[in-house]
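This briefing concerns the packing of the structure shown below.

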Amino acid sequence: MAMEEVTYLGKMSTTGMPFLSGCTEKPVIELWKQHTLAREDIYPANALLEIRPFQVWLHHLDLKGEATVHMDTFQVARIAYCTADHNVSPNIFAWVYREINDDLSYQMDCHAVECESKLEAKKLAHAMMEAFKKTFHSMKSDGRIHRNSSSEEVSHEFESDDG
């Protein structure tokens, strides 16, 4: 489990984009631009990102830095891709999430957070990979994932860059 204070930059649709290395770069640049135009200070944490097996929680903070009742929940099994490798800033961690709409259609959204440092962003990426592995293993054990799906195929969707 990992928990970090972050600045939530927002989300942008990536529906129709392939999940290849660099797929989050364009949405992250747009979110970064919107964020930097709207702020004066350097790193105002406005959220707490908590990564656990099965769920990721984004707790929104008030102006005093205290948790509010507003929280976004992301199911780990619906996260298609994550990375902490962005040219615009090494401190950004982003993930692509499959959002299910009321009519059962879905959209893919890239969510991005700014961390205090590159190391914190990398820690979140590794925590997400661990959460995914635990979730996948549990789903496989429960029979929710069939035997012909290998963990190697699925785990390659996550980019892990230690450099």
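Phe74 has a relative accessible area of 3% and is therefore buried, the cut-off being under 20%. The model is a predicted one. Phe74 also takes part in an aromatic pair with Trp95, and Trp95 is in turn among the residues with the most contacts inside the largest nonpolar core.

**Aromatic pairs**

- Four aromatic pairs are found when the whole structure is searched.
- A pair of aromatic rings is described by the distance of the centres and the angle of the planes.
- For Phe74 and Trp95, the ring centres are 5.3 Å apart and the planes stand at 85 degrees; the pair is edge-to-face because this angle is over 60 degrees.
- Distant parts of the chain are linked by this pair, since Phe74 lies in strand β4 (residues 67-75) and Trp95 in strand β6, 21 residues apart.
- Trp95 has a relative accessibility of 0%, so this residue counts as buried.
- Phe74, Phe93, Trp95 and Tyr97 are linked into a cluster by ring pairs.
- Phe132 and Phe136 form a stacked pair, because their planes are at 20 degrees, under the limit of 30, with the ring centres 6.1 Å apart.
- These two residues, Phe132 and Phe136, are four residues apart in helix α2, so about one helical turn separates them.
- Phe132 counts as buried at 8% relative accessibility, and Phe136 is likewise buried, with a relative accessible area of 9%.

**Nonpolar cores**

- The largest nonpolar core comprises 26 residues, and Leu49, Ile51, Phe93, Trp95, Val113 and Leu124 have the most contacts inside it.
- At least two residues of this core come from each of β1 (2-13), β2 (47-51), β3 (55-61), β5 (79-83), β6 (92-100) and α2 (118-141).
- The element that gives the most to this core is α2, with eight residues.
- Another core, of 13 residues, lies apart from it; Cys23, Val28, Ala80 and Ala112 are among its members.
- Which residues does Leu124 contact, leaving aside its neighbours within four places in sequence? They are Ala2, Glu4, Val6, Leu49, Ile51, Phe93, Val113 and Cys115.
- Cys115, one of these contacts of Leu124, is buried, with a relative accessible area of 1%.

**Strand pairing**

- β5 and β6 run antiparallel and are joined by four bridges.
- Within this pairing, Tyr81 has Val96 in β6 as its bridge partner.
- β6 is also joined to strand β7 (residues 106-114), by nine bridges, and these two strands run antiparallel.
- Val96 has Cys110 as its bridge partner in β7.
- A hairpin is formed by β6 and β7, with five residues between them.
- In the turn of this hairpin, Leu104 has a positive phi of about 70 degrees.

**Cysteines**

- How many disulfides does a search of the whole structure find? The search finds zero.
- Cys110 is in no disulfide, as the nearest cysteine sulfur, that of Cys23, is 7.3 Å away, whereas a disulfide requires sulfur atoms within 2.5 Å.
- Cys110 has a relative accessible area of 0% and is buried.
- Cys23 belongs to the core of 13 residues, while Cys110 is the bridge partner of Val96 in β7.

Key. Residues numbered from 1 in each chain as written. Predicted model: local features only at pLDDT ≥ 70, side-chain atom pairs only at ≥ 80, totals over all residues. Heavy atoms only, no water. Core = buried A, V, L, I, M, F, W, Y, C linked by side-chain atoms within 4.5 Å. Buried < 20%, exposed > 50% of the residue type's maximum accessible area, 1.4 Å probe, protein only. Contact = heavy atoms within 4.5 Å. Phe/Tyr/Trp six-rings, centres within 6.5 Å; stacked < 30°, edge-to-face > 60°. Pairing = 2+ DSSP bridges.
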